[in-house]
Amino acid sequence: MRLEVVHTTRFRYSGKIAETVMELRVRPLDGLGQHCRDFDLRITPRSAVGSYRDGFGNHVHYFNHLAPHDQIAVVSRSLVETGSFPNLPLPGSGSGGTPSAYGQDGFPEDFLDSRPPVVQVAGVRRLADRFRPADLEDGAAVEAALDALTEHIHARFEYRPDITTVYTAVDEVLKLRSGVCQDFAHLFLAVARAMGVAARYVSGYITRVDGHVGHGASHAWAEAWIPGRGWIGYDPTNPVKAGDHHVRVAVGRDYRDVAPTRGVYLGAATEALEVAVDTRVLNGG
């Protein structure tokens, strides 16, 4: 499947500011079922842009705009090919099937420890005890446990925008019994790690298909390390295993490692943020 993603972020300031320093994680990754065929990044006002790969292998772009300005626009356009694995619903979500392996990259032991907002609290430990497989070396048992956890999060937690932020901790999500994709991904990570399963946060996009939630903005889900299989994506918001309608942009321990934009500015003005994501399947995709 061939997908086009246009991600627009605008920062508007109440007055002139003297400097903006910003880093971006908006270029899709290659591998594990997808390939970024083309990528274009435009910064307004025009700025020199550098790039590097961070410790998780994510593409990072950065710039430092020094001239006075009252707005910044960041527009990325990506052409991505996916389809090395199917987009399959989990058991009980409609149709069945067996997901394909994601591959064997990365160091799963890096994704066993927790830190805020992915915190190990009593509610997380109770869920871990409920879904923990009898044998963590049995790939099929681990996968079945995570299928059940994904379905549980989707069934028991309400998708409600604007009641949390990307930094809301898991204990607060458990109290609210609601949140958005970042919250559900963080909760999945906390429980999986409490069970002893390595799991990492994924930022990216999802196309509008079959009523899936998350299109029109950045999306988030999780990947868990399955013995004998490698990294498998779990999207508890929808709930499905990640498939060819998902576009992976960055991976990390939690949202803080993968934020699409992160920066500071010099000045006394207040900031307003607008974000829009347009994801579409291209003809012939």
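## Basis of the description

In this report a residue is buried under 20% relative accessible area, exposed over 50%, and partly exposed in between (1.4 Å probe, protein chains only). The model is predicted, so that local features need pLDDT of at least 70 and side-chain atom pairs count only at pLDDT 80 or more, while totals for chains, interfaces and linings use all residues. Residues are numbered from 1 along each chain as its sequence is written, and side-chain values use heavy atoms, without hydrogens and water.

## Nonpolar cores

A nonpolar core is a set of buried Ala, Val, Leu, Ile, Met, Phe, Trp, Tyr and Cys residues joined through side-chain atoms within 4.5 Å. The largest one comprises 58 residues, and Leu 24, Val 74, Leu 146, Leu 187 and Phe 188 have the most contacts inside it. Helix H4 (residues 181–195) gives the most to this core, with 10 residues; helices (H or I, at least four residues) and strands (E, at least two) are DSSP runs, numbered from the N terminus.

## Aromatic cluster

There are 10 aromatic pairs in the structure. Rings of Phe, Tyr and Trp (its six-membered ring) pair if their centres lie within 6.5 Å; planes under 30 degrees apart count as stacked, over 60 as edge-to-face and the rest as tilted. The pair of Phe 56 and Phe 111 is tilted, because the centres lie 5.9 Å apart and the planes stand at 40 degrees. Phe 56 is partly exposed, at 29% relative accessible area, whereas Phe 111 is buried, at 3%.

The rings of Trp 225 and Trp 231 form an edge-to-face pair, with centres 5.2 Å apart and planes at 75 degrees. Both Trp 225 and Trp 231 are buried. Ring pairs join Phe 56, Phe 111, Trp 225 and Trp 231 into a cluster.
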